[in-house]
Amino acid sequence: MSTEPRDDQGAHLRPDISYGDYLGLDRLLAAQNPRSPHHDELLFIVIHQASELWIKLCLHELVAARDHLAADDLGPALKMIARVSRIQTQLIQSWDVLATMTPADYQAIRPHLGQSSGFQSYQYRAMEFVMGAKSAAALAVHEPDPAAHALLAALLAAPSLYDEAIRLLARSGIVVPEAVLARDVTEPWTFDAGVQAAWLAVYRDTAGHWDLYDLAEKLVDLEFRFQQWRFAHFKTVERIIGLKPGTGGTAGAPYLKRVLDTQFFPELLAVRTAL
């Protein structure tokens, strides 16, 4: 009979590994280091750190989904893409919490941020690269961090999630232009009428191409959530700092507004008009 000590609810009093140990809470909760005495700086730090954790999980799922598509293993890929869409709802809601910071609150901590900026988030850039919005020029921002730069360079050189989706279309018997299949994957995706025609074939015979149709709709949902996240970011920045330049040197809210026009999977949106 075990003599291991337990409390009156049966919980282990001296577990072999504790909740805090497993999660590394000592390091995690010690990672918030405000640089000012202002109350709201902790809010600002926690929101951005939590967002980076969610983005880390998004990258974990999207890279795996891309690899599953490349292996013709569609089921797990669909699950992972759907999971990222749900994660993005957490990222979208985080802006609601940050929006409780008033302009006066932010101005009190802004001098302590220096030139740090969310624009410098290599994980956010990595997520864009995995989804197909690539930019070789963007790597320059991350040259001071060799590990981040190497990650982004690898993702730049690899096919994106959308590249692998299009290749899967072709392997499934859908006609895809050869030039698209042989394209330089380091370049950002641009709209292609032949790819729109390929997706149109799927949407006009959903029963015959149900798995591909499901993939298409999962990708549309992924883009929809990403754009909601971008929009919430833009409106939160506009609400707090107006049209002031960002701390990292960008134009701030006007820059965030411009990127709302960037689409990841343009043919999947255009196909709705063509149906």
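Visitor: How far apart are the closest N and O atoms in the salt bridge that D72 forms with R171?

Guide: In this predicted model, the pair links distant parts of the chain, with D72 in the loop between helix 3 and helix 4 and R171 in helix 8, 99 residues apart. A salt bridge requires a side-chain nitrogen of Lys or Arg within 4 Å of a carboxyl oxygen of Asp or Glu. For D72 and R171 the closest N and O atoms are separated by 2.8 Å.

Visitor: Is D72 buried, partly exposed or exposed?

Guide: Buried means under 20% relative accessible area and exposed means over 50%, with partly exposed in between. D72 has a relative accessible area of 48%, so D72 is partly exposed.

Visitor: Which elements hold R86 and D221, whose side chains meet in a salt bridge?

Guide: The N to O distance between R86 and D221 is 3.2 Å. The two residues are 135 residues apart, and the pair links distant parts of the chain. R86 belongs to helix 4 and D221 to helix 11.

Visitor: Which residue is linked with R86 and D221 in a network of salt bridges?

Guide: R86 counts as partly exposed at 40% relative accessibility, and D221 also counts as partly exposed, at 21%. Their side chains meet in a salt bridge. The network of salt bridges that links R86 and D221 also includes R225.

Visitor: How many residues apart in sequence are the parts that E128 and R230 tie together?

Guide: The side chains of E128 and R230 meet in a salt bridge with an N to O distance of 2.8 Å. E128 lies in helix 6 and R230 in helix 11, so the parts tied together by this pair are separated in sequence by 102 residues.

Visitor: Are E128 and R230 buried or exposed?

Guide: The cut-off for a buried residue is a relative accessible area under 20%. E128 has a value of 7%, and R230 has a value of 5%. Therefore E128 is buried, and R230 is likewise buried.

Visitor: How many salt bridges does the count come to?

Guide: Side chains of opposite charge can pair when their charged atoms come close. Among the salt bridges are D72 with R171, R86 with D221 and E128 with R230. The count comes to 13.

Visitor: Which helix gives the most to the lining of the second largest pocket?

Guide: About 150 Å³ of space lies in this pocket, and its lining consists of L28, L29, Q32, V46, Q49, A50 and L53. By type, the lining has 5 nonpolar residues, 2 polar and no charged. With 4 residues, the element that gives the most to the lining is helix 3, residues 41–70.

Visitor: What is the area of the nonpolar surface patch that includes Y19?

Guide: Y19 is found in helix 1, residues 19–23, and is exposed, with a relative accessible area of 64%. The patch is made by I17, Y19, Y22 and L23. Its area is about 510 Å².

Visitor: What distance separates the C-alpha atoms of L212 and I45?

Guide: L212 is placed in helix 11, residues 210–241, and is buried at a relative accessible area of 6%. L212 and I45 are 167 residues apart along the chain. Their C-alpha atoms are separated by 41 Å.

Key
Residues numbered from 1 in each chain as written. Predicted model: local features only at pLDDT ≥ 70, side-chain atom pairs only at ≥ 80, totals over all residues. Heavy atoms only, no water. 1 Å grid on protein atoms, 1.4 Å probe; cavity = no way out; pocket = protein on both sides within 12 Å on 5 of 7 lines; lining within 4 Å. Points joined across faces, edges and corners; volume = space filled by probe spheres on them. Nonpolar A, V, L, I, M, F, W, Y, C, P; charged D, E, K, R; others polar. Patch = residues over 30% accessible without salt bridge, like charges linked within 9 Å, V, L, I, M, F, W, Y side chains within 5 Å. Areas by Shrake-Rupley, 256 points an atom, 1.4 Å probe, with all protein chains shown as cover. Buried < 20%, exposed > 50% of the residue type's maximum accessible area, 1.4 Å probe, protein only.
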